[in-house]
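Visitor: I would like to learn how to read a protein model. Could you take me through the features one by one?

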Amino acid sequence: MKSVYQKLILILAIAFAGLTAKAAEIKNIGQKGNKSNQLDNQGVARFANSCKAASQSADLDINNVRTKLQNGGDMWWDLNNPRYEIPKVTDANTVRRHSLFAGALWIGGLGRGDGNLRIAAMTYRQTGNDFWPGTLDTLNVSTDPQRCEDWDKMYKVTRAELLTQQLTGDVSSNILNWPAPGNPNNPGGSNQANNSLANFIDPNAPKTNLTIYDPTSGCYPVLDRTRDFAQNGPKDQPDQMIWFAFNDRGNVHSETGGIPIGLELQTTGFAFQTNDEVNNMTFYTTKIINRGFEALDKTYFGEWVDADLGNYSDDYVGCDVGRSLGYCYNGDDNDEGVLGYGLNPPSVGVDFFEGPTDSSGVQLGMGAFVYYNNNSDPINGNPNQAIDYYNYLQAKWQNGNDVTFGGNGVGGSIKTKFMFDDCTNPATASLPCWNEYTAGNSPADRRFLQSAGPFTLKPGAINKVTIGVVW
């Protein structure tokens, strides 16, 4: 895990240095259109089941951050308000300040057989959902309401519990119920693969043959058993982990109006309690399995972020291309209002440091960074239909035009994949530095999207997306 520490501390120390600039807008969580006709026209219902929306949440709160994760694939909010509190407070009379409002994965590509767009994404659940709880049947890429309901859970464990188990043999309920292969307490589901389930280590068995989780004989949860920091016992695990599984086949895609892909996803949110900058960071890794039987061409994975830094109405955003980092900073040196951070406000960044792999096995980092505004502008406003989400993933505007260098990224002559790269993009290094302040933008309520692609998503492919939030 030291490589993660080193990279993110470097980002914290360098990438946020000297971000300055100027205030104005109303918080309205997305202005959506009615997608009912679109859904009927696309015939999406024939691809879906009838699961209910995910209903569970859990707090990742072991260090200086208290944030809420939802088991429908969205995070950092409670379905109404921001829940990325930093610094974390314990006094009920103290004002809680938040640096992020919401975030979620976006995934889209073109079916090889018919060329139709298949996409899954989330924003605010205002028109519905594209993800539902639980695993998929590996034979027919399906789920059902009972399976979704049984998996409508989140699993949380701490390193303190793992150490107690190791030292005393006492097994907490969180360890006992960890949804690992062979655990009789796991939720049910037909044709449920072992790679649908959470990671564990059996100290008494080869690490390549872990099929039966028995915590009474010493098995314990791990973040990732294939990595060095998972080989050295509970002492090297994160101080807190939250695991949950979800899919995009549980019902009609009422968020995007798109055709389902057949994805099964397992996310682990984790954090470390330290005496350095890592105490202000949180991490999220998602294993993404394509259970579908058709390859997806021109596929993109993206992390969508609504970064409200204290007072949401006066923010700027930008990116550091070399570090795969998107960030949000205040429009001036005073973050006003009761929920603002006041003078000399902080910055917050999302590092896209592990992306999917292409057909040659090369891991893709952040290949595009775009922003859009919280309004109904048909070019760079809130997305309303499936193609809008896919265009943003490709660094295109809703009208299909490429993002261009300079100004607000619309209507220029030089195509670019990276908005507001501020001299970090080698492709535009000879041009003047470009950020929101030099572009003359008014600070406002921003969203941004970091994406990786294009690549071919093959049937059965397993990819990971890992992000870290720095502050």
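This is a predicted model: local features need pLDDT of at least 70, side-chain atom pairs count only at pLDDT 80 or more; totals for chains, interfaces and linings use all residues.

Visitor: Which cut-offs define buried, exposed and partly exposed?

Guide: With a 1.4 Å probe and protein chains only, buried means under 20% relative accessible area, exposed means over 50%, and partly exposed lies in between. Cys-423 is partly exposed because its relative accessible area is 34%. Cys-319 is buried at 0%. Cys-328 is also at 0%, so this residue counts as buried.

Visitor: How many disulfides does the structure hold?

Guide: A disulfide is a pair of cysteine sulfur atoms within 2.5 Å. The structure holds 2. Cys-423 pairs with Cys-433, with 1.6 Å between the sulfur atoms. The torsion about their S-S bond is about -110°, so this disulfide is left-handed. Cys-423 and Cys-433 both lie in the loop between H6 and H7, so their bond ties together parts 10 residues apart in sequence.

Visitor: Which cysteine forms a disulfide with Cys-51?

Guide: Cys-148 does, and the sulfur atoms are 2.0 Å apart. The link of Cys-51 and Cys-148 is right-handed, with 70° about the S-S bond. Now place the two ends. Cys-51 sits in the loop between helix H2 (36–42) and strand S1 (57–60), and Cys-148 in helix H3 (residues 145–150), so this pair ties together parts that are 97 residues apart in sequence. Helices (H or I, at least four residues) and strands (E, at least two) are DSSP runs numbered from the N terminus. Cys-51 and Cys-148 are both buried. Count the bonded cysteines along the chain, and the pattern is 1-2, 3-4.

Visitor: How many salt bridges are there?

Guide: In a salt bridge, a side-chain nitrogen of Lys or Arg lies within 4 Å of a carboxyl oxygen of Asp or Glu. The structure holds 19 of them. One joins Asp-78 and Arg-83, at 3.2 Å from N to O. Asp-78 is partly exposed at 22%. Arg-83 is partly exposed at 30%.

Visitor: Is Arg-118 buried or exposed?

Guide: Arg-118 counts as buried, because its relative accessibility is 10%. This residue meets Asp-114 in a salt bridge, 3.1 Å from N to O. Asp-114 is partly exposed, with 41%.

Visitor: What partner does Asp-445 have?

Guide: Asp-445 bridges to Arg-447, with the closest N and O atoms 2.9 Å apart. Asp-445 is buried at 0%. Arg-447 is buried, at 0% relative accessibility. Salt bridges can also share partners: Arg-66, Glu-85 and Arg-96 are joined that way into one network.

Visitor: How many aromatic pairs are there?

Guide: Rings of Phe, Tyr and Trp (its six-membered ring) pair if their centres lie within 6.5 Å; planes under 30 degrees apart are stacked, over 60 edge-to-face, and the rest tilted. The count is 28 pairs. Take Tyr-124 and Trp-304: their ring centres are 5.2 Å apart and their planes stand at 80°, so the pair is edge-to-face. Tyr-124 lies in the loop between strand S6 (117–120) and strand S7 (132–133), and Trp-304 in strand S14 (residues 296–306), so the pair ties together parts 180 residues apart in sequence. Tyr-124 is buried at 4%. Trp-304 is buried at 0%. Phe-420 and Trp-434 make a tilted pair, 5.1 Å centre to centre with 55° between the planes. Both Phe-420 and Trp-434 are buried. They belong to a cluster linked by ring pairs, together with Tyr-371, Tyr-372, Tyr-392, Trp-397 and Phe-405.

Visitor: What is the volume of the largest pocket?

Guide: Rolling a probe the size of a water molecule over the atoms shows where empty space is left. On a 1 Å grid over the protein atoms alone, points where a 1.4 Å probe fits form a pocket if the set is open and has protein on both sides within 12 Å along at least five of seven lines; lining residues have an atom within 4 Å of a point. The volume is the space filled by probe spheres set on the points, joined across faces, edges and corners. Here, the largest pocket has about 360 Å³.

Visitor: Which residues lie nearest its centre?

Guide: Leu-197, Asn-199, Gln-266, Lys-287 and Lys-464, out of 22 lining residues. Strands S12 (263–271), S13 (282–290) and S22 (462–470) each supply at least two residues of the lining. S13 gives the largest share, 3 residues.

Note on methods
Residues are numbered from 1 along each chain as its sequence is written. Side-chain values use heavy atoms; hydrogens and water are left out.
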